[in-house]
Amino acid sequence: FYGVYDLESVVASGFPFLKLLMDFLGKSAEAYAEQLLVSSPIRHIASSLPPVFICAGERDRLFSQSRALEKALKEKQVPHIALFFRVSATLAPTMPF
């Protein structure tokens, strides 16, 4: 799954489809704010969750979301594997947006 895990912090992430997300959750800022906590997967992590694999690169605009997901999984002691790629001077991966 590629997406937003914490809708409350997504504005700061530079998520390119923010308007689409806001249209889905509520056209107004007030309606969007009401749905933030209910609609954020990161707020519903339980220790009974099956094992999770996370893979992201530093150039991904949702990289901070993946890091936050890993932190939440650790806190709930959910088995997971996190594979994060750093940008190097010699080999710089790019993202499509």
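**A tour from A72**

Start by selecting A72, which touches I42 and I45, leaving aside residues up to four places away in sequence. Keep in mind that this is a predicted model.

Stay on A72. It sits in helix α4, residues 63–75. Is A72 buried or exposed? Its relative accessible area is 11%. Buried means under 20%, so A72 is buried.

Along the sequence, A72 and H44 are 28 residues apart. In space, their C-alpha atoms are 9.7 Å apart.

Next, select Q77. You are now in the loop between α4 and β2 (80–85). Q77 has a relative accessibility of 69%. Exposed means over 50%, so Q77 counts as exposed. Check its backbone too: phi of Q77 is near 55°, a positive value in a residue other than glycine.

Move to two other helices. Select α2 (residues 18–25) and α3 (residues 29–39). Their axes come within 8 Å and cross at roughly 85°. That makes α2 roughly perpendicular to α3.

Which residues meet there? From α2, show L18, L21, M22 and L25. From α3, show A29, A31, Y32, Q35 and S39. By class, this contact has seven nonpolar residues, two polar ones and no charged ones.

Last, colour the chain by pLDDT. The average is 82, and 87% of the residues score at least 70. Among the elements of the chain, α4 has the highest mean, 94. Helix α1 (residues 10–13) has the lowest, 74.

Notes
Residues numbered from 1 in each chain as written. Predicted model: local features only at pLDDT ≥ 70, side-chain atom pairs only at ≥ 80, totals over all residues. Heavy atoms only, no water. Helix = DSSP H or I, 4+ residues; strand = E, 2+ residues; numbered from the N terminus. Buried < 20%, exposed > 50% of the residue type's maximum accessible area, 1.4 Å probe, protein only. Contact = heavy atoms within 4.5 Å. pLDDT = per-residue confidence, 0-100. Axes fitted to C-alpha atoms, helices over the stretch in contact; angles between N-to-C directions. Parallel < 35°, antiparallel > 145°, perpendicular 65-115°, else oblique. Nonpolar A, V, L, I, M, F, W, Y, C, P; charged D, E, K, R; others polar.
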